[in-house]
Amino acid sequence: MSKKQITSPRIFSVANQKGGVGKTTTTVNLATSLAAVGKKVLVIDLDPQGNASTGFGIERADRLNGSYEVLFGEVGLDEAVVESKVPGLYVVASSIHLSGAEIELINTKQREARLKQAISASALDFDYILFDCPPSLNLLTLNALTASNGVIVPLQCEFYALEGISHLVKTIDRVKASFNPDLELQGIVLTMYDKRNNLSLQVEQDVRSHFGDTVYTAVIPRNVRISEAPSFGLPAIVYDMGCAGSQAYLQLAKELLKRERIAAKDKREAA
């Protein structure tokens, strides 16, 4: 792996304080989709449950140096990166030690910027870095948001969807004001979508009405193949690229890249 920093990576937190919304599934499959189109991608697993690490087939025994050790400066980010089974995709794994990080970080100097500092000190070269955040707005999530350019929010098509995302948007605004003025809401992706269900249709209508173009056109359907893939230690994109869920994540990646191109062009023109 190259040790020369060529370009600054674009960094996104995949976050939602609510569990069970497809956050880890989105991280794993969006990262895989980006790698599939030739991007060099790093996933940093910040969830103590370590489901993203499992989803990439990284065994517990191979998680000696991971996100916990990086956060506390025991190893550099360079030393914690491991290759996944997906070409061009690398992972910094989670471990059980991460479950105590919240308490340990409380009295740590610049506790919200530990991850940002680790990335800045790294000589690794990636196009994209994705953080799989825990399902809570804690210090681990705050570290991710402080280090990120943007936030990708998976939103389950359920009754309380808008209420939950309003809290997260307020948190993003607070982090932007206090720690990271460059942080943006990159996009909202509707997950576990069932077009046969009137509730899914109603939630989609409400979310698009409220957030407009911030909501991705691609929606992630409920899909058995997506659910099966982690048990094989594979992203759904690898497990069954032809299934509806995999195709939806590939479409999501295309949308993200298109937004990135437009934003880069606007920035150049503004300069």
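## Strands side by side

Let's start with β6 and strand β7 (residues 184-191), which pair in the parallel sense over seven bridges. Two strands count as paired if DSSP finds at least two bridges between them. In this pairing, Gly150 stands opposite Glu184 in β7. β6 also has a parallel partner in β1, joined to it by three bridges, and there Val14 stands opposite Ile152. The names come from DSSP runs, numbered from the N terminus: helices are H or I runs of at least four residues, and strands are E runs of at least two.

Before going on, note that this is a predicted model: local features need pLDDT of at least 70, side-chain atom pairs count only at pLDDT 80 or more, and totals for chains, interfaces and linings use all residues. Residues are numbered from 1 along each chain as its sequence is written, and side-chain values use heavy atoms, with hydrogens and water left out.

## How covered is β6?

How many of the seven residues of strand β6 (residues 150-156) are buried? Seven of the seven are, where buried means under 20% relative accessible area, exposed means over 50%, and partly exposed is in between (1.4 Å probe, protein chains only). Gly150, Ile152, Pro154 and Gln156 point one way from β6, while Val151, Val153 and Leu155 point the other way.

## Around β4

Now look at β4, where Leu89 and Val91 point one way and Tyr90 and Val92 the other, all of them buried. Strand β2 (residues 41-45) pairs with β4 in the parallel sense over four bridges, and Val41 has Leu89 as its bridge partner in β4.

On the antiparallel side of things, strand β3 (residues 81-83) is joined to β4 by three bridges. Here Glu83 is the residue whose bridge partner in β4 is Tyr90. β3 and β4 make a hairpin with five residues between them, and Gly88 in the turn has a positive phi of about 85°.

## Rings that meet

The structure holds five aromatic pairs. Rings of Phe, Tyr and Trp (its six-membered ring) pair if their centres lie within 6.5 Å; planes under 30 degrees apart count as stacked, over 60 as edge-to-face and the rest as tilted. One of the pairs is Tyr68 with Phe72, a tilted one at 4.8 Å centre to centre and 40° between the planes. Both of these residues, Tyr68 and Phe72, are buried. Another is Tyr90 with Phe126: their ring centres are 5.7 Å apart and their planes are at 70°, so this pair is edge-to-face. It links distant parts of the chain, with Tyr90 in strand β4 (residues 89-92) and Phe126 in the loop between α6 (114-121) and β5 (128-132), 36 residues apart.

The charged end of Lys40 sits over the ring of Phe126, 5.4 Å from its centre, and Arg259 lies over the face of Tyr216, at 4.0 Å from the ring centre. To count, NZ of Lys or CZ of Arg must be within 6 Å of the ring centre and within 35 degrees of the ring normal.

## Nonpolar cores

A nonpolar core is a set of buried Ala, Val, Leu, Ile, Met, Phe, Trp, Tyr and Cys residues joined through side-chain atoms within 4.5 Å. Which residues touch the most other members of the largest core? Among its 49 residues, they are Leu42 and Phe131. Helix α7 (residues 139-147) gives the most to this core, with six residues. There is also a second, separate core of 34 residues, which includes Ala35, Val41, Val43 and Ala248.

## One face of α6

The buried residues of α6 are Leu115, Ala118 and Ile119. Seen down the helix axis, they fall within an arc of 95°, so they line one face of α6; the arc is that of the directions from the axis to the C-beta atoms. The face turned away from the buried side carries the exposed residues Ser120 and Ala121.

Gln110 and Met192 are worth a look. Phi of Gln110 is near 50°, a positive value in a residue other than glycine, and Gln110 lies in the loop between α5 (101-105) and α6. Phi of Met192 is near 55°, also positive in a residue other than glycine, and Met192 lies in the loop between β7 and α9.
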